[in-house]
Amino acid sequence: MTPDDRPDSPSDEPPEREPEPAPAPEAARRRRWWPRLTVPGCWGALLLACLSFTPSLLPRDGLLQGLIAGISGAIGYGLGVIAAYVWRAFADREARTAARRSWQVLLVAAVVLFGVSFGLGQYWQHQIRQLMGVTDYNVWATIACPFVAALVFLALLFVGRGLRRLYRWAARQLGRWIGPKAARVVGWGLVAALAWSVFSGVLLGGFVNAMNSAFSLRDTETPEGVHQPTSPLRSGGPGSLVPWDSLGFQGRAFTGSGPTAAQIGAFTHRAAQEPVRAYAGLETADDTESRAKRAVADLQRAGGFERKDLLVITTTGSGWVDPAAVDSFEYLADGDTATVALQYSYLPSWMSYLVDQSKAREAGRELFDAVYDVWSKLPQDQRPRLFVAGESLGSFGGEAAFSGEYDLRNRTAGTLFAGPPNFNTLFREFSDHREPGSPEIEPVYKEGRTVRFTDDPAAGIPPKDRPWDGTRVLYLMHASDPIVWWSPDLALSEPDWIGEKPGSDVLESMVWIPFVTFWQVTADLPFSTGVPDGHGHRYKAEYVDGWNAVMRPSGYTAQDLARLKEIVTAPQ
């Protein structure tokens with residue numbers, strides 16, 4: 001056998017390996033569809049998603065918790081990716097493919113941490129429900145929580161990936177005319193501006209317009225059990241300057257209901273009068289100033305300025321006035337009262353809270369100025385006592401007519417605001433300049449000489465040891481009311497009210513977590529009235545003690561006030 005006939009020796013070069021087959025089309029499509037995740041991003045998502053189970057102000061069901069966990073997870077993923085990018089920049093190295101062991105550790109940690117967080121979350125929600133007397137619990141919503149969280153997380157991740165692809169395309173196009181670094185910066189700016197324009201102009205604007213159209217149709221209806229007044233003392237009644245059809249849904253509810261003279265007399269055991277109620281709806285006139293003038297003209301026609309007590313109340317977004325706020329006022333004054341209000345939006349309170357602030361400010365200022373213009377021209381001994389009130393966004397509008405504490409004291413006989421939003425100008429001024437040592441949930445401003453705050457006026461209004469003479473301004477605000485405590489600042493800074501001793505219906509377990517707490521309290525907003533009275537954004541019973549403190553009527557005992565609370569909190 002010649003050397004050429006021998007087989008190749010082991011030292012010879014191995015034969016060429018055949019190329020691996022390309023992935024099947026189905027597998028390739030599946031890979032393109034499923035987003036490629038990174039270990040640092042997943043750790044960030046896991047951390048914030050688990051922290052989202054910590055308690056906030058109100059009870060929340062599984063679906064809402066899943067939404068918050070998904071949003072928090074998406075934010076955490078982004079933060080994890082950014083942190084890894086910054087670390088690689090300092091280490092001066094490129095990204096590497098994660099080892100299988102890293103994914104295994106992450107998977108085990110995810111199962112353990114998410115399971116523990118889920119269990120603790122259920123325990124905390126049980127505690128909150130007990131504090132507030134909430135009995136509703138949906139086990140199926142709880143089971144759905146992880147699945148909702150995953151869907152929300154993936155949806156936001158796909159949106160983020162889409163924006164990233166758009167940015168890369170924009171940077172490539174811009175790179176034809178400018179340098180690569182400038183192209184990347186300008187590309188990000190263009191994509192960010194486009195995303196914000198789409199969200200605020202198309203999505204948010206479209207949503208608000210759709211809701212506005214839907215609620216404008218509802219505004220043409222009349223609440224069940226409400227009928228057009230037969231008394232000339234009500235707008236929409238005989239001789240009224242405001243047609244019944246122009247009052248809107250909430251305006252008809254306001255003027256077509258309320259205690260009669262007989263009902264008030266049955267409570268007080270004294271002679272009582274029928275209260276005056278004046279109102280103007282969005283259809284009453286074309287602009288806010290004209291609506292305010294029409295409402296005040298109808299108030300004057302009905303003899304409102306001849307009553308003992310006159311109340312100017314700024315409504316919430318849809319024109320709603322809490323019946324308990326006005327009924328309490330009328331009962332405590334023996335019906336010798338007049339109340340005037342106007343509508344400035346079709347949207348419900350929580351939506352108006354976010355998009356209709358300027359309308360609320362204009363309505364509050366125009367209505368009070370129109371009333372004050374007539375009132376101030378009356379002889380001093382013939383003027384009614386002038387009071388101001390507002391709940392939620394109504395308190396924001398009510399504040400707009402005044403420049404500060406002295407203005408409230410000099411131009412009113414008393415003021416009662418309930419559930420003031422955190423952005424209220426005067427509320428923020430009074431709270432931010434509170435006396436050292438007084439908590440944000442119950443601040444003391446200038447020894448409480450004019451302005452005071454409480455979550456339960458029946459338990460005493462601090463500071464109890466200092467005089468409260470002259471005009472009284474009282475803010476009712478629950479420690480568990482998200483309307484009062486929500487602020488964009490929650491995303492990046494811890495407020496005083498979380499670091500201080502919590503209120504009686506807020507868990508001590510509530511802590512501030514960047515980004516997470518903001519979304520938790522944001523999610524609480526639409527459900528702020530879905531809890532029993534005395535919690536969240538519900539102040540019905542508190543109006544009785546609140547008005548008793550501000551008006552200082554004589555002859556009412558604690559038992560009388562308790563009976564009145566039963567009357568005003570009874571189902572309508």
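A cavity is, on a 1 Å grid over the protein atoms alone, a set of points where a 1.4 Å probe fits but cannot get out, and its lining residues have an atom within 4 Å of a point. Grid points are joined across faces, edges and corners, and a volume is the space filled by probe spheres set on the points.

This is a predicted model, in which local features need pLDDT of at least 70 and side-chain atom pairs count only at pLDDT 80 or more, while totals for chains, interfaces and linings use all residues. Residues are numbered from 1 along each chain as its sequence is written, and side-chain values use heavy atoms, with hydrogens and water left out.

**View 1. The largest cavity and its lining.** The structure holds 2 cavities of 30 Å³ or more, and the largest cavity has a volume of about 70 Å³. Its lining includes Ile313, Thr314, Trp320, Asp322, Glu391 and Tyr543. Strand S2 (309-314) and strand S4 (385-391) are the elements that give two or more residues to this lining, and S4 provides the largest share, 3 residues; strands (E, at least two residues) and helices (H or I, at least four) are DSSP runs, numbered from the N terminus. By class, the lining has 7 nonpolar, 3 polar and 2 charged residues, where Ala, Val, Leu, Ile, Met, Phe, Trp, Tyr, Cys and Pro count as nonpolar, Asp, Glu, Lys and Arg as charged, and the others, Gly among them, as polar.

**View 2. The largest nonpolar core.** A nonpolar core is a set of buried Ala, Val, Leu, Ile, Met, Phe, Trp, Tyr and Cys residues joined through side-chain atoms within 4.5 Å, and buried means under 20% relative accessible area (1.4 Å probe, protein chains only), with exposed over 50% and partly exposed in between. The largest core has 102 residues, of which Val371, Tyr475, Tyr543 and Trp547 touch the most other members. Helix H12 (residues 357-375) gives the most to this core, with 8 residues. Leaving aside neighbours within four places in sequence, valine 371 is in contact (heavy atoms within 4.5 Å) with Val296, Phe305, Leu310, Val312, Val340 and Leu386.

**View 3. Two aromatic pairs.** The structure holds 22 aromatic pairs, counted where the ring centres of Phe, Tyr and Trp (its six-membered ring) lie within 6.5 Å, with planes under 30 degrees apart called stacked, over 60 edge-to-face and the rest tilted. The rings of tyrosine 77 and phenylalanine 153 have their centres 6.0 Å apart and their planes at 75°, so this pair is edge-to-face. Tyrosine 77 in helix H3 (residues 62-91) and phenylalanine 153 in helix H5 (residues 139-174) are 76 residues apart, and both residues are buried. The ring centres of phenylalanine 417 and tyrosine 475 are 5.5 Å apart and the planes stand at 50°, so this pair is tilted. Because phenylalanine 417 lies in strand S5 (residues 414-418) and tyrosine 475 in strand S7 (residues 472-476), the pair ties together parts that are 58 residues apart in sequence. Phe417 and Tyr475 also belong to one aromatic cluster, together with Phe427, Phe430, Tyr445 and Phe453.

**View 4. Glycine 335 in its loop.** Glycine 335 lies in the loop between helix H10 (323-332) and strand S3 (337-342), and glycine 335 is buried, with a relative accessible area of 0%. Although glycine 335 and proline 259 are 76 residues apart in sequence, they are 8.4 Å apart in space, C-alpha to C-alpha. Leaving aside neighbours within four places in sequence, glycine 335 is in contact with residues including Ile264, Gln273, Pro275 and Arg307.

Technical notes
1 Å grid on protein atoms, 1.4 Å probe; cavity = no way out; pocket = protein on both sides within 12 Å on 5 of 7 lines; lining within 4 Å.
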